[in-house]
Amino acid sequence: MKKLFILLALALTATFTSTAQLLWQISRPGTEVPVSYLLGTYHLADYLTVDSLAGITPVIDKVDGVVGEIDFGKASSIEGQMAMATLAAAPADSTLSRVLTPAQLDSLQTILDTYMVGVNVGQLDGMRPAFAGMLIEVARAAEMTGKVSNPIDVMIQTKALEAGKTVTGLETVEQQCEALFGGNIIEQAQSLMWGVSHDSEMKSTSRRIFEAYLHGDLNEILSIIEEDNSMDAAQTDRLIHSRNADWLRLLAGMLPAASLLIVIGAGHIPGEKGILKGLQKLGFDVTPVK
């Protein structure tokens with residue numbers, strides 16, 4: 001569950017330090033390929049806070065369009081909401097009450113009572129364990145950081161549309177839900193209960209992620225991902241590496257055609273299989289924007 005928290009990158013609202021490096025310029029000198037930009041984000045970080053650090057607004061004015069992990073306009077449509085609800089639902093024979101023991105259900109209820117007062121296990125019974133874990137992580141993060149009024153990814157796409165820019169997603173709502181909520185139900189249940197039984201460690205990890213993002217320390221974020229022992233290599237590949245590879249194939253065609261602001265979770269950027277290295281292997285120069 002730690003890794004899911006990193007990938008969802010949730011709810012940061014504190015004041016950022018001036019040392020953070022979250023915005024990168026993508027170019028191919030000596031060619032007519034237009035300059036683009038890459039922003040690492042926590043998906044529910046507040047727009048004004050991150051903009052004050054990275055200077056996003058001028059970039060939106062410069063580019064032809066914004067590329068996010070998903071198109072939030074489509075995600076918020078009736079069709080998008082129905083797709084998410086369907087993919088987050090557990091098979092009838094694999095509900096929480098069927099894959100967790102009574103003792104585990106009691107432990108899960110204790111965590112819900114801590115972070116989501118008024119929510120009981122029965123209300124989540126029909127959902128996949130990964131979805132239940134996501135709700136807990138959101139609530140845990142909110143307890144630490146408070147409410148976010150203007151989620152960064154949503155606001156960037158909204159401002160881009162208001163400015164007459166295009167908005168595109170690197171994956172569909174269905175593809176993202178499959179990555180986050182797909183996979184083996186039993187493995188999801190194990191990850192969920194690992195997070196439940198290691199609540200203090202989860203809080204500590206949340207703080208480490210928080211501090212790493214404040215300092216734009218992508219290497220530290222990568223270290224936290226690699227230290228996670230609650231998920232195996234196959235799960236890591238599905239949630240991070242395979243998606244990175246898919247996104248890079250799309251970006252290889254997008255970047256030569258238009259100037260773009262690419263907005264993705266910070267956990268996808270660093271590492272040998274990360275987006276930065278991938279763009280460099282495609283022949284692009286990727287440099288920090290100060």
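Colleague: What should I know about the model before we start?

Modeller: It is predicted: local features need pLDDT of at least 70, side-chain atom pairs count only at pLDDT 80 or more, and totals for chains, interfaces and linings use all residues. Residues are numbered from 1 along each chain as its sequence is written, and side-chain values use heavy atoms, with hydrogens and water left out.

Colleague: In what order do the six strands of the open sheet run?

Modeller: S4-S3-S5-S2-S1-S6, with mixed pairing. Strands here are DSSP E runs of at least two residues, and helices are H or I runs of at least four, numbered from the N terminus. Two strands pair if DSSP finds at least two bridges between them.

Colleague: Which are the edge strands?

Modeller: S4 (166–169) and S6 (285–288); each pairs on one side only. The twist averages 25 degrees from one strand to the next.

Colleague: How many bridges join S1 to S2?

Modeller: Four, and the two strands run antiparallel. S1 covers residues 23–27 and S2 covers 36–41. Leu23 stands opposite Leu39, and Gln25 stands opposite Tyr37.

Colleague: And S1 with S6, parallel or antiparallel?

Modeller: Antiparallel, over four bridges. Ile26 has Val286 of S6 as its bridge partner.

Colleague: Why is S1 largely enclosed?

Modeller: Four of its five residues are buried, so the rest of the structure largely encloses S1. Buried means under 20% relative accessible area, with a 1.4 Å probe and protein chains only.

Colleague: Switching to helices. At what angle do H7 and H12 pack?

Modeller: About 55 degrees, with the axes 10 Å apart. H7 is residues 102–115 and H12 is 185–197. Axes are lines fitted to C-alpha atoms over the stretch in contact, and angles run from 0 to 180 degrees between N-to-C directions.

Colleague: What does that make H7 relative to H12?

Modeller: Oblique. Angles under 35 degrees count as roughly parallel, over 145 as roughly antiparallel, 65 to 115 as roughly perpendicular, and the rest as oblique.

Colleague: Which residues make the contact?

Modeller: Gln104, Ser107, Leu108 and Ile111 of H7, with Leu192, Met193 and Val196 of H12. Contact means heavy atoms within 4.5 Å.

Methods
Buried < 20%, exposed > 50% of the residue type's maximum accessible area, 1.4 Å probe, protein only.
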